[in-house]
Amino acid sequence: MKKSYLLSPGPTPVPERVLLAMAQPVIHHRTPQFSKIFAEAAEKLKTLFHTKNDIIILSSSGTGAMESAVANCFAKGEKVLVVNAGKFGERWGKIAEAFDLKVTWMNITWGECANPADVKAALDADPEIKCVLIQATESSTTVKHPIKEIAEITKSRDVLFIVDGITGVGVFDIPMDDWGVDILICGSQKAMMLPPGLAFIALNDRAWARADKVKNTNFYFNLKRERKNLKDKTTAFTPAVSLIYGLREALLMMEEETYPAVFARHVALGKAVRAGTSALGLKPVTKHLSEAMTGVFLPEAVNGKKFVKVLRDDFGVTFAGGQDSWEGKIIRIAHLGYFGEFDMVIAMSSIEMALDKFGHPVKFGAGVGAAQEILRDRFEVK
Ligand SMILES: *Cc1c(COP(=O)(O)O)cnc(C)c1O
C-alpha cells in the first residue's frame with residue numbers, strides 16, 4: 001500500500017462529503033426530485049459567480065464551455081483577440097480557428113501576464129475585433145491575468161470580454177457583473193472540489209444579445225437551448241446526475257466556509273508555498289503568481305520530468321510538471337480547491353526529500369518551516 005496525495009492543479013482532491021453525495025442512487029432527470037437539486041445547484045452557482053445571470057451547467061470538461069462560448073457568440077469570419085500567454089491561451093485561439101474566426105494573437109512571453117495597455121492598443125488599432133479571450137489563471141505558467149483592468153477597457157466598447165475562469169472561479173473573487181466580464185467559464189475538477197465532467201458558463205445581457213443574433217453552427221453546446229431548459233429547471237440532454245449531487249454539496253461546503261474565507265485560504269496557502277519554495281532556493285516562474293497554484297523552476301542539474309515522476313510513482317505525491325518549453329524545468333504545486341494547511345506541509349516535505357534524492361543540497365525542514373511560519377497565523381488557540 002502506498003498512500004497517494006493529489007497536489008496537481010486539476011483534477012484536485014474531492015472531499016468525502018462530496019463523494020458520499022455522489023454515491024446516492026441515480027434518479028431520473030426528468031422528475032421534480034432531480035429538478036429541485038439541479039435548481040438549487042444552479043442558484044448557488046450564481047453566488048459563486050457573483051452574478052444575477054443564469055449559469056448554464058454542461059456535461060463536459062471545461063473546454064466544452066470554452067467551445068460553446070465561441071460557437072454561440074460569433075459568426076464565421078469575425079475577428080477576436082486571443083491573449084496567448086501559455087497552453088490555455090493557445091487553446092482559445094485553436095477553438096476560435098476551428099470555428100473559422102479570424103484570430104489576432106497577442107502572444108505573451110511565458111511567465112508574463114497581459115498588459116491592459118497592450119489590449120487597449122490592440123483594440124484601438126483594429127475596430128473589427130469583436131471580443132477578447134483570456135484566462136483568469138493561465139495554468140500552464142501559473143500566471144494571474146489582470147481581469148478587472150481589462151474589463152474596464154472592454155466594457156465601454158462593443159467588444160465582449162470572455163474569461164476562462166476554470167482555475168480562477170472559487171480561488172479568488174471574479175465578480176462578473178461588477179467588473180463587466182461578459183462571459184465567465186468554470187470547470188468542475190479544479191477549485192470546485194469535484195471530479196472532472198461538468199462545465200459552467202454564464203453570459204450577461206450583452207453576450208446573450210450576441211448569441212441571439214448568431215446562427216448556431218453546433219448542436220450539443222447550444223446555449224440558447226440550454227437557457228430555455230434552465231427556465232424549466234432541466235437541461236437539454238441527460239445531465240451528469242451524480243455530479244450534480246456532488247456540485248450541490250461542494251457549493252454548500254463553500255457557503256458554510258463562506259466565500260471570503262475560501263478566498264483567504266487560497267491566499268494563505270499560496271503564501272506558504274512561496275515561502276517554502278523560496279527557502280529551498282527555488283525561484284518562482286513568474287512575478288504574477290496566481291493564488292491557484294505556484295510554479296517554480298527546479299535546479300538546473302535536476303531532470304524535472306524524472307523528478308515529478310519519482311514524486312508520483314515512488315513517493316505517492318502527484319504534482320504537475322511543465323509543458324512545452326518548460327517541460328522538465330518546472331514543478332507546479334496546486335493549492336486550489338479542497339486543500340488545507342497541512343497539505344502544503346506534505347508538498348514542501350515531499351519536495352525537500354525528492355531534491356535530496358536527486359543530489360541537490362537540502363536542509364530538511366527548511367521549506368516546511370518557512371511554510372509553517374506563514375500558516376501559524378491561521379490558527380488561534382483559545
Ligand atoms: C484545466 C483548464 C482548462 C480545461 O481543461 P479541461 O481538460 O477541458 O477541463 C481550461 N483552462 C484552464 C485555465 C485550465 O486550467
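# Ligand site and backbone features

One oxygen atom of the ligand lies 2.5 Å from an N or O atom in the side chain of Ser61. The protein covers 88% of the 390 Å² of accessible area that the ligand has on its own (areas come from the Shrake-Rupley method with a 1.4 Å probe, and for residues only the protein chains shown count as cover). The model is predicted: local features need pLDDT of at least 70, side-chain atom pairs count only at pLDDT 80 or more, and totals for chains, interfaces and linings use all residues. Residues are numbered from 1 along each chain as its sequence is written, and side-chain values use heavy atoms, with hydrogens and water left out.

**Ligand shell**

- How many residues surround the ligand? The count is 14, and the closest are Ser61, Thr63, Ser139, Asp164 and Lys190 (near means a heavy atom within 4 Å).
- By class, the shell holds 3 nonpolar, 8 polar and 3 charged residues. Here Ala, Val, Leu, Ile, Met, Phe, Trp, Tyr, Cys and Pro are nonpolar, Asp, Glu, Lys and Arg are charged, and the others, Gly among them, are polar.
- Helix H3 (62–73) and helix H4 (87–98) each give the shell at least two residues. Helices (H or I, at least four residues) and strands (E, at least two) are DSSP runs, numbered from the N terminus.
- H3 makes the largest contribution to the shell, with 3 residues.

**Ligand distances and pocket**

- A polar backbone atom of Gly62 is 3.0 Å from an oxygen atom of the ligand.
- The side chain of Arg91 has an N or O atom 3.4 Å from an oxygen atom of the ligand.
- The ligand takes up the space of the second largest pocket. A pocket is found on a 1 Å grid over the protein atoms alone, as an open set with protein on both sides within 12 Å along at least five of seven lines. A molecule sits in it if more than half of its atoms lie within 2 Å of its grid points.

**Backbone geometry in loops**

- Gly10 and Pro11 are joined by a cis peptide bond, with omega about 0°.
- Pro11 belongs to the loop between strand S1 (5–6) and helix H1 (16–22).
- His50 is not a glycine, yet its phi is positive, near 60°. The residue lies in the loop between helix H2 (32–49) and strand S2 (55–59).
- Is His50 buried, partly exposed or exposed? His50 counts as partly exposed because its relative accessibility is 36% (buried is under 20%, exposed over 50%, partly exposed in between, with a 1.4 Å probe and protein chains only).
- Asp100, also a residue other than glycine, has a positive phi of about 60°. Its loop runs between H4 and strand S4 (102–107).
- Asp100 has a relative accessible area of 41%, so it is partly exposed.

**Buried positions**

- Gly89 sits in helix H4. Its relative accessibility is 0%, so Gly89 counts as buried.
- Gly89 and Val103 are 14 residues apart in sequence, and their C-alpha atoms are 12 Å apart.
- Met293 is part of strand S11. Its relative accessible area is 0%, so Met293 is buried.
- From Met293 to Gly270 the sequence separation is 23 residues, and the C-alpha distance is 6.8 Å.
- Leu282 is in the loop between helix H11 (259–279) and strand S11 (293–297).
- Leu282 and Leu298 are 16 residues apart along the chain, with 6.2 Å between their C-alpha atoms.

**An exposed strand residue**

- Asn107 lies in strand S4. Its relative accessible area is 55%, so Asn107 is exposed.
- Which side chain does Asn107 meet in a polar contact? The partner is the side chain of Asn84, at 2.8 Å. A polar contact is a pair of N or O atoms within 3.5 Å; within protein, one must be able to donate a hydrogen and the other to accept it, and residues adjacent in sequence count only if both atoms are side-chain atoms.
- Asn107 and Phe297 are 190 residues apart along the chain, and 22 Å separates their C-alpha atoms.

Key. On a 1 Å grid over the protein atoms alone, a cavity is a set of points where a 1.4 Å probe fits but cannot get out, and a pocket is an open set with protein on both sides within 12 Å along at least five of seven lines; lining residues have an atom within 4 Å of a point.
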